[in-house]
Every structure is written in structure tokens, then in C-alpha cells.
Amino acid sequence: LFTFTVGPNVNCGDEITLTFQLRDGAENLGAVSINLKTGAPRIALRENFDAAAAPELPAGWTTSATGGQQSWKTVANRNQSRPNSVFSPAPFQAGVNELVSPAFSILTPNAEISFRNWYDLETTFLRNRLYDGSVLEIKIGAGGGEWRDIETAGGAFLAGGYDGLLDDCCQNPLAGRRAWSGRSGVNQTSEFITSRVKLPSAAAGQTVRLRWRVGTDVGTFREGQYLDDVLVADGAACSCQ
């Protein structure tokens with residue numbers, strides 16, 4: 001156990017690099033560097049979907065569905081953190097299923113959202129045509145702001161981003177949009193991946209809501225999408241002792 005103090009010119013939330021010189025007696029084992037951010041992350045939103053009894057959603061979360069879709073619900077059969085995740089099916093009828101977060105406040109232009117993301121959504125075998133898909137949207141402002149795709153609004157994926165454009169062949173209401181589709185991960189079966197997105201800088205100083213939408217067409221059904229461990233980190237909090 002050791003402690004250290006950063007210099008007075010380091011701002012709260014800045015990234016610093018610690019370099020450790022390792023030795024075993026007289027033998028030099030080399031140097032190891034670790035990057036850390038000063039302060040504790042400020043959490044604007046955190047949800048693991050475990051407090052609500054399945055199939056209910058946590059307080060403040062809402063869902064709606066159109067066409068042949070069904071509402072999002074909490075389930076226990078797949079999760080990143082037990083017992084629950086939140087799930088949308090992907091039926092063979094055309095429709096859209098929406099999951100809306102509670103409103104939360106963003107203070108800085110550096111806010112990021114991360115969540116665990118599992119999906120199995122209809123594509124061709126080679127994944128060269130994407131039929132069913134899921135998108136993330138944002139509404140900025142406490143008033144009547146419009147929903148916009150997270151990328152169109154100025155956000156940027158840092159990991160686990162969209163797979164491509166949804167095909168316009170078969171009545172998917174989200175056709176023509178960039179989306180998650182196919183299988184999550186790089187293996188032959190879907191797995192939980194981490195999706196990370198930098199929120200639009202325009203969200204700073206605003207109230208924000210997030211919306212996940214699964215759009216399906218009239219083709220083949222797949223299992224759907226599961227989300228877990230949603231976290232919005234917004235800057236850092238520091239204190240002096």
C-alpha cells in the first residue's frame with residue numbers, strides 16, 4: 001500500500017501516468033506504466049436492472065412497441081450481472097420496440113455511456129445484408145427536444161459500435177439506418193460485448209434521455225437483444241483533505 005500526491009497544476013479528471021520500475025533483488029525486471037484519471041468518476045446514470053422483479057422495468061424506465069413487436073422486459077436467462085438484464089425479442093413481423101431511460105443531467109462535454117450488449121438479429125449468413133437491427137438515440141433538453149440517433153446528434157462510438165446499414169427490402173421501420181445487427185462479438189455464437197459512446201458535447205448542461213430501439217422486418221425471427229450494466233460517467237469529482 002502506498003499513497004501519492006499529484007501536482008497542483010493537474011486538473012480534476014485529467015489522466016496521469018504512473019511508471020513503476022520493478023526489481024527482484026539486483027535483477028531489473030523493467031518498467032510498467034499505468035494510466036489513471038484523477039478524482040472519482042461522477043455517475044450521471046447507473047442501472048443493472050436487478051432491483052426490479054422480472055418482467056418489470058426499474059423505476060423511471062419505460063417501453064412501448066408497434067407492429068408485431070413486444071415490449072422490453074427484465075429477464076434472468078441471460079445477464080452480465082445477476083440476476084437480470086433487459087430484453088427485446090426480434091420476431092418475424094415488422095415493428096419497433098423502444099426502451100427509454102429516465103431523465104438525467106449532464107454537466108460536462110466529456111460524458112460517456114457504457115453498457116453490456118448482447119444481440120442476435122437477422123442478417124444473411126455472410127452478414128452482407130442486415131435485416132433486423134437496433135439503434136441508440138438521444139433526446140437533449142428538458143423541453144420538446146427531438147430524438148436523434150446518437151451518431152447524428154454528435155456522439156461517437158469508442159467501442160462496440162454499429163455493424164452497418166439496415167436493408168430496405170422488407171418493411172423494417174428502421175431501414176436505411178446504421179445499427180447493430182447480426183451477432184454480437186467475434187465468435188460463432190453471440191456474447192456480451194461492451195458498447196461505449198461519447199455523448200454529444202451539446203448535452204453538457206442539459207437534461208438527457210436515452211432510447212434503444214429494435215426494428216424488425218417480415219423475415220426470419222432471431223432471439224433479440226439484451227442490455228445490462230448501463231453506466232453514464234460525466235467528468236470527475238475531487239476533494240482535498
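Student: In which strand does Ser 85 lie?

Tutor: Ser 85 lies in strand E6, which covers residues 85-90. Strands here are DSSP runs of E with at least two residues, numbered from the N terminus. Before we zoom in, remember that this is a predicted model, where local features need pLDDT of at least 70 and side-chain atom pairs count only at pLDDT 80 or more, while totals for chains, interfaces and linings use all residues. Residues are numbered from 1 along each chain as its sequence is written, and side-chain values use heavy atoms, leaving out hydrogens and water.

Okay, back to our serine. Ser 85 is buried, with a relative accessible area of 0%; buried means under 20% with a 1.4 Å probe, counting protein chains only. A polar atom of the Ser 85 side chain lies 2.6 Å from the backbone oxygen of Arg 78.

Who else is around? Leaving aside residues up to four places away in sequence, Ser 85 touches Phe 49, Lys 73, Thr 74, Val 75, Arg 78, Asn 79, Tyr 226, Leu 227 and Asp 228. Touching means heavy atoms within 4.5 Å.

Now look at the nonpolar cores, meaning sets of buried Ala, Val, Leu, Ile, Met, Phe, Trp, Tyr and Cys residues joined through side-chain atoms within 4.5 Å. The largest one has 40 residues, and Leu 210 and Trp 212 are among those with the most contacts inside it. A second, separate core of five residues includes Val 75, Phe 87, Trp 118 and Phe 192. Val 75 is also one of the residues that Ser 85 touches.

Key:
Helices (H or I, at least four residues) and strands (E, at least two) are DSSP runs, numbered from the N terminus. Buried means under 20% relative accessible area, exposed over 50%, partly exposed in between (1.4 Å probe, protein chains only). A polar contact is a pair of N or O atoms within 3.5 Å; within protein, one must be able to donate a hydrogen and the other to accept it, and residues adjacent in sequence count only if both atoms are side-chain atoms.
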